[in-house]
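These are my notebook entries on a structure I wanted to read slowly, one question at a time.

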Amino acid sequence: MIKVEHLTKYYGDHLAVDDVSFEISKGHVYGFLGPNGAGKSTTMNIITGCLSATDGRVLIGGHDIFEEPDAAKRLIGYLPEHPPLYMNDSPLEYLRFVGEAKGLRGPELSARVSEVVEKTGIYNVRNRRIATLSKGYKQRVGIAQALLGSPKVIILDEPTVGLDPIQIIEIRDLIRELGKTHTVIFSSHILSEVQAICDQIIMIAKGKLVAFGTPEELQQKLLTPNEIILTTNAKDKDLQDIVSKVDYIADITTRTTDSNFTTAHIKSNHEDIYELSSSIFRAFTHSDKVIYEMSLKKGNLEDVFIELSENADAVVTPIESANDDSIESEVKSE
Ligand code: ADP
Ligand code: MG
């Protein structure tokens with residue numbers, strides 16, 4: 001349905017979108033997730049033909065957005081971050097105007113406008129001035145205009161930003177509803193929102209694509225969801241020797257607080273953290289070192305999100321260097 005290939009965008013020398021590629025298929029609700037400044041709006045503006053790209057290609061239903069903009073744009077309905085609503089118009093006037101711009105006329109125009117008014121739940125306010133509507137209703141009007149012209153894909157840029165909690169729930173319900181009849185891509189910087197509505201997550205940070213998949217896949221596959229924190233009298237080399245006998249350890253960070261105590265953060269991609277803690281425990285019993293304290297931290301998608309957002313390069317280049325001499329050292333088992 002949508003193919004994004006090596007999309008790159010510079011604003012002057014600022015790289016806002018960095019070689020992003022992904023593919024959107026029919027019938028899913030995609031959450032385009034990333035912290036503020038990640039490049040979500042830039043990417044969406046390019047996909048919808050509102051902004052040029054520095055490099056790369058976007059195909060909508062096989063049509064290149066730069067070479068065949070009309071054919072490509074017909075397949076997309078877009079709610080930009082700041083929709084250009086005409087405040088003095090009523091929703092009905094505004095929607096008829098947008099509908100005409102999209103080539104609708106006469107009875108067809110009236111029928112389609114009525115349809116989107118119904119679908120977005122703005123019937124009761126259809127004749128009021130847009131300026132007098134709440135932010136939630138203005139957002140609905142914005143979504144209604146995106147739906148005009150029966151596009152196959154609806155793209156919504158941060159549709160819940162600035163709404164109160166009840167309006168947020170209503171707009172999320174509306175997005176879910178739209179997902180039954182359309183392919184939907186909506187952006188958000190709120191992980192829980194994306195988890196709640198979408199079945200596919202596209203995650204970007206610092207202009208780079210850092211993850212793509214279902215919420216479950218991201219949680220399971222990405223980085224190191226589980227962490228064991230232990231305090232021990234084993235230091236550096238001894239600690240490495242002990243844990244090197246344990247499988248599934250992805251990363252260890254150690255900190256020696258004084259001569260006797262070392263705190264180690266052991267990250268693992270093993271699904272069963274209890275089995276892992278048993279293995280570590282057994283490894284210690286075969287040495288002359290002891291564990292004073294041990295706690296388990298089960299990872300969740302929130303941790304993955306924070307980690308990916310903070311270090312967009314983390315996925316590509318995990319820390320591999322070992323430095324036994326320093327008090328704070330990062331080591332990696334084989
Ligand atoms: P997001 O929507 O994820 O918050 P944006 O796509 O708006 O991110 O912005 C990505 C980066 O590009 C940010 O660093 C932002 O400051 C920068 N940026 C966005 N628009 C412009 C612009 N018109 N000119 C220069 N820099 C811009
Ligand atoms: Mg934005």
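Entry one, the ligand. I looked up the polar contacts (pairs of N or O atoms within 3.5 Å; within protein, one must be able to donate a hydrogen and the other to accept it, and residues adjacent in sequence count only if both atoms are side-chain atoms), and I found that a polar backbone atom of Ala38 lies 3.2 Å from an oxygen atom of ligand 1. For Lys40, a polar backbone atom is 2.8 Å from an oxygen atom of ligand 1, while Tyr11 brings a polar side-chain atom to 3.4 Å from a nitrogen atom of the ligand. I then noted that ligand 1 taken alone exposes 560 Å², of which the protein buries 60%; these accessible areas come from the Shrake-Rupley method with a 1.4 Å probe, and for residues only the protein chains shown count as cover.

Before going on, I wrote down that this is a predicted model, in which local features need pLDDT of at least 70 and side-chain atom pairs count only at pLDDT 80 or more, whereas totals for chains, interfaces and linings use all residues. Residues are numbered from 1 along each chain as its sequence is written, chains are lettered from A and ligands numbered from 1 in the order in which they are written, and side-chain values use heavy atoms, with hydrogens and water left out.

Entry two, the shell. Which residues are around ligand 1? Counting a residue as near if one of its heavy atoms lies within 4 Å of the molecule or strand in question, I listed Tyr11, His14, Ala16, Pro35, Asn36, Gly37, Ala38, Gly39, Lys40, Ser41 and Thr42. The largest share of this shell, three residues, comes from H1, and S2 and H1 each supply at least two residues. Helices (H or I, at least four residues) and strands (E, at least two) are DSSP runs, numbered from the N terminus.

I traced an open sheet in the order S2-S1-S4-S5, with antiparallel pairing, where two strands pair if DSSP finds at least two bridges between them. Its edge strands are S2 (14-24) and S5 (63-64), each of which pairs on one side only. Helix H1 (residues 40-47) packs on the sheet and touches S1, S2 and S4, its direction making about 120° with that of S1; contact means heavy atoms within 4.5 Å, and axes are lines fitted to C-alpha atoms, for helices over the stretch in contact, with angles from 0 to 180 degrees between N-to-C directions. Strand S1 (residues 2-11) is joined by five bridges to the antiparallel strand S4 (residues 55-60), and Lys3 has Leu59 as its bridge partner in S4. I also marked His6, which sits in strand S1 and has a positive phi, near 50°, although it is not glycine.

Entry four, the six-stranded sheet. This open sheet has the order S6-S7-S8-S3-S9-S10 and mixed pairing. I checked that S3 (residues 29-33) and S9 (residues 200-205) run parallel, joined by four bridges, with Met203 in S9 as the bridge partner of Leu33.

The domain assignment (automatic or from a database) gives domain 1 as 2-75 + 151-221 + 304-333 and domain 2 as 226-297, and their C-alpha centres lie 36 Å apart.
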